[in-house]
Amino acid sequence: ALRWRPWRNRTVSARNGRVEDHRRHTALVRARDRLPGYERWLRDEGWAPSAGWPPPVVSKEALFGDGLAAWFPPGPIVGAREVITSSGHGGRFSLGLVAPGVAEELGAQVDGILAELGADDDAPGMLVNCLPQGIAVPAGRAVTANCGVNVDAALALLRDVAPRQGPCLLVGEPLLLKELIERGAATGTGWAPERMIVVTGGEWVAEGLRRHLLALLPPGGAGILVSCGAAELGLHAFAEDPVLRALRLLLHEQPELRRRLLGDDPGFAPLLLGYDDGVLAVESGSSEEPRLIVTTLDDRPLPLVRYDLGDRARPVDPSAAEALAAAVGLPVSPASGLIAHEGRADPSPGAARGPRVEAVKEALFDLPEWAFALTGRFALTVGDDGVGLDVERHDPPPPGALIPDTKVLRDRLGVGRIRFLPAEEFPHHSGGHGRKPQYRQELR
């Protein structure tokens with residue numbers, strides 16, 4: 001199994017309540033000591049140290065509403081090797097501070113996964129990084145190309161340079177990779193190295209999209225895995241390995257397995273992502289609207305205590321996932337912590353908002369010929385006339401592409417008007433691959 005994992009061997013901390021309480025208390029004390037703004041905010045919220053755990057949940061607006069570093073003491077920010085900023089697509093920027101040594105640890109993982117694909121001293125492999133905003137993915141000895149969102153540059157490197165270097169790791173956000181892989185495959189064989197693994201993230205990934213792209217990749221690769229981070233946490237905080245990816249595929253195909261593992265069925269298969277429970281403590285808030293709330297347990301420049309990342313997710317007992325994997329014939333994936341990630345949280349959920357964005361993604365990529373016809377960009381429009389759906393399509397459509405059946409989609413998603421529009425008529429552009437798509441639009 002490829003070891004593209006943000007977790008170490010399973011610890012006992014999640015099974016030992018006293019250890020967990022001690023770590024959370026240490027994290028709370030560290031945050032209060034290091035961030036004067038956090039101490040002030042706790043007082044304003046009416047929390048006192050005598051109240052104990054839990055302190056109030058911190059939102060992005062509370063932490064960054066008065067500026068990117070309003071909680072820090074005056075003067076230089078110490079202990080940071082790198083600053084990562086968010087995309088700001090939700091209307092507010094956030095940041096994270098990467099401590100020395102973290103990049104080297106992730107670089108060693110990059111080298112490790114390339115080694116498992118056959119990289120050696122003579123051909124150390126290549127990392128082609130297509131993440132936006134200048135976000136760097138560290139590598140140790142592998143040759144690194146930081147292309148950003150330049151699809152033409154990435155395709156040229158994959159065709160002309162990467163095959164010389166040995167195996168290849170291609171990293172990018174889902175819709176950029178969709179364009180890149182479709183364009184590459186359309187040129188015929190030899191557009192990319194055969195020994196290639198693709199890692200994507202930045203948003204919730206539909207299993208139908210992954211299936212579509214897998215069919216276009218050169219044979220002999222290691223498939224497509226999901227890795228999720230956040231500006232506040234850094235890269236690769238939550239991730240799949242091949243076992244979790246295979247288990248998620250089963251959840252996609254068999255809703256009864258979703259109910260067996262999660263207790264209910266959200267209507268689609270959540271991503272199953274492992275994490276290191278020695279680095280993060282995860283909770284989910286209410287069961288009606290589960291949120292991904294994290295506490296950082298390690299010593300980092302920006303400690304977070306009960307910080308709401310704005311995603312829908314719920315912790316999953318790793319032992320329950322192991323038992324389910326064993327029951328269906330899969331090997332064990334020794335994640336020390338595990339979440340079921342259901343996408344971004346809707347800031348104002350309800351029937352008037354229409355279907356979940358993730359349900360729309362699953363529907364649009366349900367058939368390969370539909371996936372070929374669409375760019376992946378869409379917008380649920382909420383206006384006085386109800387909920388509609390605008391979808392961007394390729395113009396002209398590629399060979400074999402088929403526009404989805406509007407009646408089927410309307411019945412499945414419960415929306416009114418559906419429009420399939422070429423790029424020049426699609427009114428909801430978010431600024432290209434450098435900005436995250438805005439999947440909901442208020443028209444009132």
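The model is a predicted one, so local features need pLDDT of at least 70 and side-chain atom pairs count only at pLDDT 80 or more, while totals for chains, interfaces and linings use all residues. Residues are numbered from 1 along each chain as its sequence is written, and side-chain values use heavy atoms, with hydrogens and water left out.

The second largest pocket holds about 710 Å³ of space. Of its 32 lining residues, those closest to the centre are Val102, Leu233, Gly234, Leu235 and Arg300. A pocket is an open set of points on a 1 Å grid over the protein atoms alone, where a 1.4 Å probe fits, with protein on both sides within 12 Å along at least five of seven lines; lining residues have an atom within 4 Å of a point. Grid points are joined across faces, edges and corners, and the volume is the space filled by probe spheres set on them. Strand E1 (82-85), strand E2 (95-98), helix H4 (102-116) and strand E8 (234-239) each put at least two residues into this lining, and H4 gives the most, with six. Helices (H or I, at least four residues) and strands (E, at least two) are DSSP runs, numbered from the N terminus.

After H4 comes Gly118, with a positive phi near 115°.

E8 has a couple of residues to look at. Gly234 is found in this strand and counts as buried at 7% relative accessibility. Leaving aside neighbours within four places in sequence, Gly234 is in contact with Ile84 and Gly229. Ala401, 167 residues away along the chain, has its C-alpha atom 38 Å from that of Gly234. His236 is also found in E8; its phi is positive, near 60°, in a residue other than glycine, and it is buried, with a relative accessible area of 7%. Arg306 likewise has a positive phi, of about 50°, although it is not a glycine. Arg306 sits in the loop between strand E11 (293-296) and strand E12 (307-308) and is buried at 11% relative accessible area.

Now for the charged pairs. Side chains of opposite charge can pair when their charged atoms come close. The count comes to 31 salt bridges, each one a side-chain nitrogen of Lys or Arg within 4 Å of a carboxyl oxygen of Asp or Glu. Glu342 and Arg312 form one of them, with the closest N and O atoms 3.1 Å apart. This pair links distant parts of the chain, as Glu342 is in strand E14 (residues 337-344) and Arg312 in strand E13 (residues 311-315), 30 residues apart. Glu342 is buried at 0% relative accessible area, and Arg312 counts as buried at 11%. In the salt bridge between Arg258 and Asp265, the closest N and O atoms are 2.7 Å apart; Arg258 is buried at 5%, whereas Asp265 is partly exposed at 28%.

A network of salt bridges links Glu207, Arg210, Glu240, Arg245 and Arg248. Helix H8 (residues 207-214) is mostly covered, with six of its eight residues buried, and Glu207 and Arg210 are among those buried residues. Their cover includes helix H7 (174-186), strand E7 (223-230) and helix H9 (242-253).

Another cis peptide bond joins Trp53 and Pro54, where omega is about 5°.

Definitions and conventions: Buried means under 20% relative accessible area, exposed over 50%, partly exposed in between (1.4 Å probe, protein chains only). Contact means heavy atoms within 4.5 Å.
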